[in-house]
Amino acid sequence: MDIIHYFMYYIYMDYETFKACVRRTGLEIKEFAGLIGMNHRSISNYSKSVAIPEHLALIVLMMVELRKHDIDYKVIFDKLNKMGRQAHKRREGGFRGQTPV
């Protein structure tokens with residue numbers, strides 16, 4: 001069963017499976033957390049939970065698939081971060097719709 005079918009048939013991913021998937025991306029938990037803009041301790045705290053939140057499981061599964069097809073996921077995250085910074089700049093300077101002076 002490949003990784004995508006795993007996600008389709010199972011509702012949750014436990015922490016050990018999550019860690020193994022993160023390693024399959026070539027990263028450690030701390031690097032993964034930095035890449036998605038989270039504190040690594042927040043992610044490590046999920047080791048005490050029954051399951052990893054679905055959004056984190058989906059992100060890591062997509063990264064595994066991208067790597068399997070020799071697609072550099074870091075380029076994608078760089079583009080997303082750049083878009084986020086641009087959107088933040090557009091929102092800065094105005095209060096309640098005011099345009100910056």
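Helices (H or I, at least four residues) and strands (E, at least two) are DSSP runs, numbered from the N terminus. This is a predicted model, in which local features need pLDDT of at least 70 and side-chain atom pairs count only at pLDDT 80 or more, while totals for chains, interfaces and linings use all residues. Residues are numbered from 1 along each chain as its sequence is written, and side-chain values use heavy atoms, with hydrogens and water left out.

**Whole chain**

Start with the chain in cartoon view. Six helices and zero strands make up its secondary structure, and the order from the N terminus is α-α-α-α-α-α. Next, colour by accessibility. Buried means under 20% relative accessible area, exposed over 50%, and partly exposed in between (1.4 Å probe, protein chains only). The chain has 101 residues, of which 25% count as buried. Contact means heavy atoms within 4.5 Å. Among contacts in the chain with a separation of 6 or more, 57% are between residues 24 or more positions apart.

**Helix H3**

Select residues 29-36, which form helix H3. Which residues of H3 are buried? They are Ile 29, Phe 32, Ala 33 and Leu 35. These lie on the same side of H3, because they cover an arc of only 160° around the axis; the arc is that of the directions from the helix axis to the C-beta atoms. Turn to the other side of H3 to find Lys 30 and Gly 34, which are exposed. Then step just past H3 to Gly 37, where phi is positive at about 80°.

**Phe 32**

Go back into helix H3 and select Phe 32. Phe 32 counts as buried because its relative accessibility is 0%. Show its surroundings, leaving aside neighbours within four places in sequence: Phe 32 is in contact with Phe 18, Val 22, Leu 27, Ile 43, Leu 56, Ile 59, Val 60 and Met 63. Draw a C-alpha to C-alpha distance from Phe 32 to Val 60; the pair is 8.6 Å apart in space and 28 residues apart in sequence.

**The nonpolar core**

A nonpolar core is a set of buried Ala, Val, Leu, Ile, Met, Phe, Trp, Tyr and Cys residues joined through side-chain atoms within 4.5 Å. The largest one here has 20 residues, and Phe 18 and Phe 32 have the most contacts inside it. At least two residues of this core come from each of H2, H3, H5 and helix H6 (73-91). H5 gives the most, with six residues. In soluble globular proteins, nonpolar side chains tend to be buried together.

**H2 against H5**

Select residues 15-24 (H2) and 54-68 (H5). How do their axes lie? They come within 9 Å and cross at roughly 35°. Axes are lines fitted to C-alpha atoms, for helices over the stretch in contact, and angles run from 0 to 180 degrees between N-to-C directions. The crossing of H2 and H5 is left-handed, meaning that the near helix is turned anticlockwise from the far one by less than a right angle.

Now show side chains. From H2 come Phe 18, Cys 21, Val 22, Arg 23 and Arg 24, and they meet Leu 56, Val 60, Leu 61, Val 64 and Arg 67 of H5. Seven of the residues in this contact are nonpolar, none polar and three charged. Here Ala, Val, Leu, Ile, Met, Phe, Trp, Tyr, Cys and Pro count as nonpolar, Asp, Glu, Lys and Arg as charged, and the others, Gly among them, as polar.

Leu 58 is partly exposed, at 38% relative accessible area.

Finish in the loop between H5 and H6, at Asp 70. Asp 70 is not a glycine, yet has a positive phi of about 55°. Asp 70 is exposed, with a relative accessible area of 73%.
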